[in-house]
Amino acid sequence: MRLDRKNFLATTGAVAAGAAIGFPAIVGAAPEPIRLGTIPCLTGSNALLGQQEHEGAALAVEEINARPDKVYGGRPFEIVEEDATNDNQSAVSALNKLLGENVVAIVCPVLSTQVQAMAPVMKTHEIPWMTGGTAVKNTQLGVPGMFRLRGSDGITGAGMTNFAVKDKKGKKIAILHASDAFGVGGADQIVQSLKKLGMEPVANEQYPKDAKDFTAEILKIKQAAPDVVLMYIQNPSDTAIILKQVHSLALNVPIVGSPSLGNQTAMEVAGKDAYGTYCAVDFIVGFNSNVATHFLTSFFRKYHHLPDVGTGSGWVYDAVYMLADTYKKQKGTDPKQTIASLKGIKNWDGVLGTFSADAEGNMVHSVSIGQNQDGKLHLVKKVSG
Amino acid sequence: MHFDPVANMQLLVSGLAFGSIYALVALGFVLIYNAVGVVNFAQGEFVMFPSYIAVTFLLPAITVFGTVVHWQLPIVGVYLLVLVLMVGFGLLFNRIAYHPLRDRGWMPVVISTIGVSIFLRNAAQMIWGSQPIVMPSLFAVDTISVGPLHIRPQDLLIIGVTAVLIAFQFFLFERTTLGKQMRATAQDRATARLVGVRVGRIVAITFVYSALLGTISGLLVAPLFTVTKEMGALIALKAFAASIVGGFGSIPGAIVGGLAIGVIETFGGFYISSAYVDAIAFIILISVLLVRPQGLFGERVAEKA
């Protein structure tokens with residue numbers, strides 16, 4: 001058919017009329033998805049953490065979309081993912097890109113340093129920001145709608161310190177930490193907790209980003225002759241290498257670490273060098289709810305490996321489910337309404353425990369102290385903030 | 001802080017071990033620079049990629065392209081296999097990244113090496129994933145204890161192998177025709193060609209040799225580092241600094257520069273501050289360059305210019 005002016009008008013008229021009377025019902029059969037933004041570190045030296053975040057989000061979305069009782073208005077979740085790579089600038093660029101994608105909430109990268117770098121942009125957008133970054137400062141940045149789904153460094157640092165001093169009877173405490181926002185923030189919390197107990201660390205060593213030889217730091221700590229060493233480190237690979245070097249340099253004192261010491265990857269890579277160490281973690285297999293058991297089973301079925309629950313996949317899985325429950329309950333996805341609903345969260349059961357929001361947006365208020373016994377983490381005690 | 005001879009000995013061994021790795025990788029930089037006049041920014045991936053290949057054949061189970069494979073071949077056989085594969089890799093690198101661009105100036109070649117570096121890192125993540133992987137060591141024990149001194153046998157192996165390689169390097173360059181041809185090509189390619197040196201072949205051999213130096217570095221350091229896609233980049237950065245301190249283009253300079261950076265950063269971390277260890281290394285680098293802009297052993301570069 002030749003497309004002259006008459007045919008063109010007839011065709012467009014027919015299309016317009018069709019659209020007006022019947023097509024919306026047909027097109028509308030596929031409801032508009034709920035677009036959820038995520039910014040994991042998919043490349044760079046923290047790609048492992050990013051991969052774990054990606055896996056947690058993907059599993060939650062797959063499950064929710066398959067369950068009519070979880071999906072609000074029949075609208076499936078759709079993940080819009082941008083790579084935060086390994087530096088703050090890239091995280092901010094990824095965030096800016098994501099904000100143009102019509103997302104209703106954003107799951108932030110787990111690295112606190114990136115969360116803090118993104119804060120100036122986050123302040124200008126009133127949508128829910130779900131974070132697993134544990135630096136205390138993250139929920140004090142003045143970002144409306146910031147919610148933390150893991151125990152903060154305040155709880156973890158105090159829990160580690162109290163365990164070292166009261167349970168392990170430590171009188172000379174040394175600290176080894178990373179030089180990023182996570183490591184520095186955590187070490188500060190430990191120093192503050194020690195101060196409350198009338199103590200000071202006998203050594204407080206930090207290592208530079210991307211370091212692979214820790215001989216100098218470990219020997220300095222050894223020279224201070226501590227009876228307990230507290231480690232505050234995010235990267236599972238760094239954690240494993242440090243534990244190997246601690247072992248080879250015969251620093252034979254109890255080690256109590258941040259959640260990365262209980263990270264599945266760190267425990268596998270460090271092997272026997274991690275045996276006997278303690279850690280403050282969000283999650284210990286075998287001591288959790290039905291939600292956690294379901295998560296572990298589904299995760300293994302989908303990915304054929306165990307999840308890094310606390311630092312990696314569990315909190316992201318919880319974040320997506322919490323948003324889904326909120327949308328369903330409030331019958332809408334309006335970001336401001338969602339923030340108000342999330343602020344009212346009380347006793348919500350997730351993989352990492354029971355969540356209740358406080359005024360700052362902290363949802364988790366306790367961590368567990370675990371011990372690595374022959375490669376498996378065993379619960380020693382629960383500590384609350 | 002009191003003087004502790006045991007701690008100093010441990011720092012020295014550790015510093016020399018890491019310095020040896022920097023020196024080997026710096027040698028790779030220098031050899032390629034001398035042969036073709038460009039910095040190979042994929043030198044770090046010459047360390048990382050063979051390490052991944054080695055763990056693929058060494059471990060009882062490893063995930064490759066999402067599928068678990070079970071090779072677990074004997075360690076010495078795997079080392080030899082990886083070295084053979086990396087000969088092919090060096091030739092391929094020369095053929096793809098350098099050869100087609102050799103007459104277009106240094107910039108396209110440098111960009112090409114950066115491109116290969118990014119490609120190999122992304123390829124490693126795609127093939128082996130993001131999990132750090134432990135490479136088994138040749139030794140059954142992690143530490144040898146002599147009184148209060150605790151030394152890793154892997155550190156001693158690194159220092160020993162590096163010493164042998166440096167001796168081999170001097171023998172190759174001073175005593176063999178091939179080495180003399182490599183030196184002639186490094187000094188003046190046009191004249192070398194006039195006196196019958198097959199420059200293209202020598203350049204290809206240089207790429208292979210450089211890839212093998214990276215491979216040996218990777219196999220030596222991986223049991224200490226764990227294998228990750230970033231492992232080569234971290235070493236290459238320090239090795240590049242080492243080759244500048246030594247005098248870019250100078251073989252003794254690369255060795256001395258590498259060892260110096262390894263030892264300085266270890267002792268600096270212990271006696272000054274581990275938080276600023278990189279800053280300390282780079283302050284020394286800048287200080288050396290202020291006093292001797294051509295580096296510690298930079299005469300040959302000056303002669304070339």
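Predicted model: local features only at pLDDT ≥ 70, side-chain atom pairs only at ≥ 80, totals over all residues.
Chain A comprises 13 helices and 14 strands, and its C-alpha atoms occupy a box of roughly 90 × 40 × 40 Å when the box is taken along the principal axes. Of the 385 residues in this chain, 55% count as buried. When the contacts in chain A with a separation of 6 or more are considered, 67% of them are accounted for by residues 24 or more positions apart.

One part of chain A forms an open sheet of 5 strands, arranged in the order S2-S1-S3-S4-S5 and paired in the parallel sense. The edges of this sheet are taken by strand S2 (77–81) and strand S5 (146–148) of chain A, each of which has a single partner strand, so that one side of each is left without a neighbour in the sheet. From one strand to the next, the twist averages 25°. In general, the strands of a sheet pair through backbone hydrogen bonds, in either a parallel or an antiparallel manner.

Further along chain A, strand S8 (residues 228–232) is mostly covered, with 5 of its 5 residues buried. The side chains of this strand are divided between two directions, A:Val228, A:Leu230 and A:Tyr232 pointing one way from S8(A) while A:Val229 and A:Met231 point the other way, and all are buried. Strand S8(A) pairs with strand S6 (residues 173–178) of chain A in the parallel sense over 5 bridges, and within this pairing A:Ile173 has A:Val228 as its bridge partner. Strand S8(A) also runs parallel to strand S9 (residues 255–257) of chain A, to which 3 bridges join it; here the bridge partner of A:Val229 is A:Ile255.

In chain B, the axes of helix H9 (residues 231–246) and helix H11 (residues 277–291) come within 9 Å of each other and cross at roughly 25°. Because this angle falls under 35 degrees, H9(B) and H11(B) are described as roughly parallel to each other. The crossing in which H9(B) passes H11(B) is left-handed. To the contact, H9(B) contributes B:Ala241, B:Ile244 and B:Val245, whereas H11(B) contributes B:Ala281, B:Leu285 and B:Val288. By residue class, the contact of H9(B) with H11(B) consists of 6 nonpolar residues, with no polar and no charged ones.

Two residues other than glycine have positive phi values, one in each of the chains described here. In chain A, the phi of A:Asn347 is near 50°, and this residue lies in the loop between helix H13 (335–343) and strand S11 (348–350). A:Asn347 counts as exposed because 7 C-beta neighbours are found inside 10 Å, the cut-off for an exposed residue being 12 or fewer. In chain B, B:Phe65 has a positive phi of about 50° and is placed in the loop between strand S1 (62–64) and strand S2 (67–69). With 9 C-beta neighbours inside 10 Å, B:Phe65 therefore also counts as exposed.

Key: Residues numbered from 1 in each chain as written. Chains lettered and ligands numbered in written order. Axes fitted to C-alpha atoms, helices over the stretch in contact; angles between N-to-C directions. Helix = DSSP H or I, 4+ residues; strand = E, 2+ residues; numbered from the N terminus. Parallel < 35°, antiparallel > 145°, perpendicular 65-115°, else oblique. Left-handed = near helix turned anticlockwise from the far one by under 90°. Contact = placed C-beta atoms within 7 Å. Nonpolar A, V, L, I, M, F, W, Y, C, P; charged D, E, K, R; others polar. Buried ≥ 20, exposed ≤ 12 C-beta atoms within 10 Å, placed from the backbone. Pairing = 2+ DSSP bridges.
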